[in-house]
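Q: Could we go through this model together, starting with the charged pairs and then moving on to the sheet and the helices?

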Amino acid sequence: METASIISVINMKGGVGKTTVSINLANILSIQKKNTLVIDTDPQFNATQSLLLHKASLDNQSTSKVEKEKLSAEYYTELSRQGKTIMQVYDPTFSTEPSDNPSLVLNIKDNLDLIPGDLRLASTVAGDTSNKVAILEDHLERNGLLNHYDYIIIDCPPTWTILTHSSLYASNFYLIPSKIDLYSSLGIQLLEEQISSKITSDSQYRKTGKSLINLGVLFTMVNNKSTTHQRKHDIKETFKDALSFFDVEIPFFPSAATNYLLYEEKRGHENYTSLINSMDKFVIDFESLINQMEDENNEG
């Protein structure tokens, strides 16, 4: 049986549209009837908030936005109380009662599931975490999730911790969303250095026979200012020998950037046409690239 393609979405610089890319990529894949799981390992848990709000909107379409937000918060409070968040993977002692759902998977809608994030994840980065590198991969294997999904999308934190390390360790691929600015490019550089030193060059990792493939950089929050084109050229020149770049770019929309919006909710709204079209095109390119790389890996 084929196993899921696992993709970490990551940049060491925050505020680059990482969560927005994660949830919209997963949502479009699910609409295409690809069985998709989002795992939120970022302590900010913005992906969880967005997807729970979407679930609340689907469950109660007649209520106001405020009521839907209240309902989504109630969903999260109950999940947290019952120990049905990613926190159970990293520190099960936080749960006050045994979980009746050891996989932690919550259904959002057809073909789209979530392992919810948890604000308390920040506490797991302290102390010795050397024995936790494979903890997320073990959870996926133990609960049969690798054979259940077509895609598993991991929304990673913008810092190097056990949360990041274990997410990448469990992944086949990683995707780097990036704004077109100096600091985002520094985040890319730091990420590549960490992956090389902590994962792909590690002797124990290499013994597993696994591979971690960089899918490339996706420029996000792109505007049409003249300085943008020069900065984009400079970033591509900096990484031309190490990274590839997606041709499609995600344009900047203030409301979409701040609300972790599922673009599908705005489909049909003229103001969002270019944003939705760009994401649709990215998903086509993303799937094509995944298929190509998996074919090459199988042939190899």
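A: A salt bridge here is a side-chain nitrogen of Lys or Arg within 4 Å of a carboxyl oxygen of Asp or Glu. This is a predicted model, in which local features need pLDDT of at least 70 and side-chain atom pairs count only at pLDDT 80 or more, while totals for chains, interfaces and linings use all residues. Residues are numbered from 1 along each chain as its sequence is written, and side-chain values use heavy atoms, with hydrogens and water left out.

Q: OK, how many salt bridges does the structure hold?

A: There are 13 salt bridges in the structure. One of them joins Glu249 to Lys232, with the closest N and O atoms 2.7 Å apart. Glu249 sits in the loop between helix H9 (226-238) and helix H10 (254-259) and Lys232 in H9, so the pair ties together parts that are 17 residues apart in sequence; helices (H or I, at least four residues) and strands (E, at least two) are DSSP runs, numbered from the N terminus.

Q: And Lys232, buried or exposed?

A: Lys232 counts as buried at 15% relative accessibility, where buried means under 20% relative accessible area, exposed over 50% and partly exposed in between, with a 1.4 Å probe and protein chains only.

Q: Switching to the sheet, what is the strand order?

A: The order is E3-E4-E2-E5-E1-E6-E7, an open sheet of 7 strands with mixed pairing, and two strands pair if DSSP finds at least two bridges between them. Strand E3 (106-109) and strand E7 (213-219) are at the edges with a single partner strand each, so one side of each has no neighbour in the sheet.

Q: Which way do E2 and E4 pair?

A: Strand E2 (residues 36-40) and strand E4 (residues 112-115) pair in the parallel sense over 4 bridges, and Ile39 has Ile115 in E4 as its bridge partner.

Q: What about H6 against H7, at what angle do they pack?

A: Helix H6 (residues 162-170) and helix H7 (residues 182-200) pack at about 70°, with their axes 11 Å apart; axes are lines fitted to C-alpha atoms, for helices over the stretch in contact, and angles run from 0 to 180 degrees between N-to-C directions. The two helices are therefore roughly perpendicular, a label that covers 65 to 115 degrees, with under 35 roughly parallel, over 145 roughly antiparallel and the rest oblique.

Q: Which residues meet there?

A: His165, Leu168 and Tyr169 in H6 meet Leu191, Ile195, Lys198 and Ile199 in H7, contact meaning heavy atoms within 4.5 Å.
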